[in-house]
Protein chains: 2
Amino acid sequence: MSTYPKIILGIDPGYGRCGFGIIKGGGADFFCITHGVMTTKVGSEHKDRLLEIAEDFESIIDKYQPSILVIEELFFSKSTTTALKVAEVRGVIMMLAARSGLDVIEVKPNEVKMAVTGYGKADKIQMQEMIKTIFGFEEVPKPDDAADALAIAWTGAGMLKY
Amino acid sequence: MSTYPKIILGIDPGYGRCGFGIIKGGGADFFCITHGVMTTKVGSEHKDRLLEIAEDFESIIDKYQPSILVIEELFFSKSTTTALKVAEVRGVIMMLAARSGLDVIEVKPNEVKMAVTGYGKADKIQMQEMIKTIFGFEEVPKPDDAADALAIAWTGAGMLKY
């Protein structure tokens with residue numbers, strides 16, 4: 001945890017859509033390199049959708065060479081079936097991060113809200129506006145999953161010891 | 001689904017211990033090649049335990065060259081935290097199976113009980129005795145996770161179309 005600047009990859013894990021955001025910097029000074037979503041083909045076999053995510057994730061690591069993965073922990077919301085599928089994606093991503101030698105930071109949803117807005121129960125609009133401000137975007141980054149991934153990356157950045 | 005005999009890998013997914021069982025054959029005629037458990041180091045970082053399982057799983061595929069993975073679906077029991085960790089392992093295993101070109105069959109716990117004992121609510125002892133009989137073991141295979149994995153492999157074998 002000593003070299004500077006750091007490249008940090010934030011992931012908002014999802015099965016059909018998985019947000020990613022890459023930031024670079026140190027201390028409180030990070031800028032956004034890129035953000036987007038990995039998607040999987042509806043109707044493909046389950047195993048093949050997991051492999052699609054794995055391949056996209058490996059391409060991102062190859063291209064941007066992050067040293068830290070920040071990923072959101074999972075809490076149960078409405079559907080346990082959905083939660084289990086998202087957990088499968090989380091497993092794939094964390095295993096591949098370990099294989100590529102990344103450090104992994106897991107963050108809780110309320111930690112992300114707190115880090116970005118100073119308020120653990122911030123709503124989606126407040127979060128998006130703060131992400132726009134933090135990274136100096138002219139518009140709120142789209143899609144939502146990508147903005148969420150940037151928030152997750154930012155939260156991890158704030159947890160680093162310098 | 002045409003070559004004969006088939007080599008089938010059954011997995012009883014788990015985080016600390018993950019059972020595996022490999023059977024070979026066709027129709028109703030399968031024998032056990034090997035069985036055992038993959039374990040992960042208690043106290044290791046979460047990502048590293050997922051990587052341990054991935055590496056063990058890849059070694060098993062390399063060594064025994066199965067063409068089919070049979071893996072148990074997950075249902076919530078007592079602990080959702082445990083269920084999520086097991087789902088992460090399932091994700092890793094199914095992704096790696098897809099990468100190695102294996103077909104994947106997912107089976108439900110009651111389907112496994114039905115296939116092995118003819119009774120969807122069979123208990124653990126009944127299951128283990130039947131596994132001993134089916135594969136002609138002198139003793140019930142140990143540990144339990146390995147016996148469960150053989151039951152899972154056997155269930156998948158019964159679902160193949162010849």
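Colleague: How many residue pairs in polar contact does the rule find across the interface of chain B and chain A?

Modeller: The rule finds 4 residue pairs in polar contact there, both residues of each being at pLDDT 80 or more. A polar contact is a pair of N or O atoms within 3.5 Å, where within protein one atom must be able to donate a hydrogen and the other to accept it, and residues adjacent in sequence count only if both atoms are side-chain atoms. This is a predicted model, in which local features need pLDDT of at least 70 and side-chain atom pairs count only at pLDDT 80 or more, while totals for chains, interfaces and linings use all residues. Residues are numbered from 1 along each chain as its sequence is written, chains are lettered from A and ligands numbered from 1 in the order in which they are written, and side-chain values use heavy atoms, with hydrogens and water left out.

Colleague: What makes the meeting of Glu58(B) and Arg99(A) a salt bridge?

Modeller: The N to O distance between their side chains is 2.6 Å, and the rule asks for a side-chain nitrogen of Lys or Arg within 4 Å of a carboxyl oxygen of Asp or Glu, so the pair qualifies. Across the interface of chain B and chain A, the rule finds 4 salt bridges.

Colleague: Which elements give two or more residues to the side of chain B that touches chain A?

Modeller: They are α1 (46-64), α2 (80-99) and β5 (103-107) of chain B, where helices (H or I, at least four residues) and strands (E, at least two) are DSSP runs numbered from the N terminus. The largest share of that side, 13 residues, comes from α2(B). Its residues divide into 15 nonpolar, 3 polar and 10 charged.

Colleague: How much area do chain B and chain A bury between them?

Modeller: About 2200 Å² is buried, 71% of it on carbon and sulfur atoms; buried area is the accessible area (1.4 Å probe) that two parts lose on being put together, summed over both. On the side of chain B, Lys47(B), Met95(B) and Arg99(B) lose the most area to chain A, together 27% of what that side buries. In terms of contact (heavy atoms within 4.5 Å), 28 residues of chain B meet 28 residues of chain A.

Colleague: Where does UniProt place the feature "binding site"?

Modeller: An unreviewed UniProt entry places it at Asp12(A) and Asp145(A), and such annotations may be inferred rather than shown by experiment. The two are spread over 134 residues of sequence, yet they cluster in space, with a largest C-alpha distance of 6.3 Å. Asp12(A) lies in strand β1 (residues 6-12) of chain A, whereas Asp145(A) lies in helix α5 (residues 144-159) of that chain. Leaving aside residues up to four places away in sequence, Asp145(A) touches Asp12(A), Arg17(A), Gly19(A) and Val37(A).

Colleague: Why is Asp12(A) called buried?

Modeller: Its relative accessibility is 12%, and buried means under 20% relative accessible area, with exposed over 50% and partly exposed in between (1.4 Å probe, protein chains only), so Asp12(A) falls in the buried class. Asp145(A), with a relative accessible area of 17%, is therefore buried too.

Colleague: Why does Gln65(A) count as exposed?

Modeller: Gln65(A) counts as exposed because its relative accessibility is 55%. This residue sits in the loop between α1 (46-64) and β4 (68-72) of chain A, and its phi is near 50 degrees, a positive value in a residue other than glycine.

Colleague: What is the omega of the cis peptide bond that joins Lys142(A) and Pro143(A)?

Modeller: Omega is about -10 degrees for that bond, and Pro143(A) lies in the loop between α4 (124-135) and α5 of chain A.

Notes
Ala, Val, Leu, Ile, Met, Phe, Trp, Tyr, Cys and Pro count as nonpolar, Asp, Glu, Lys and Arg as charged, and the others, Gly among them, as polar.
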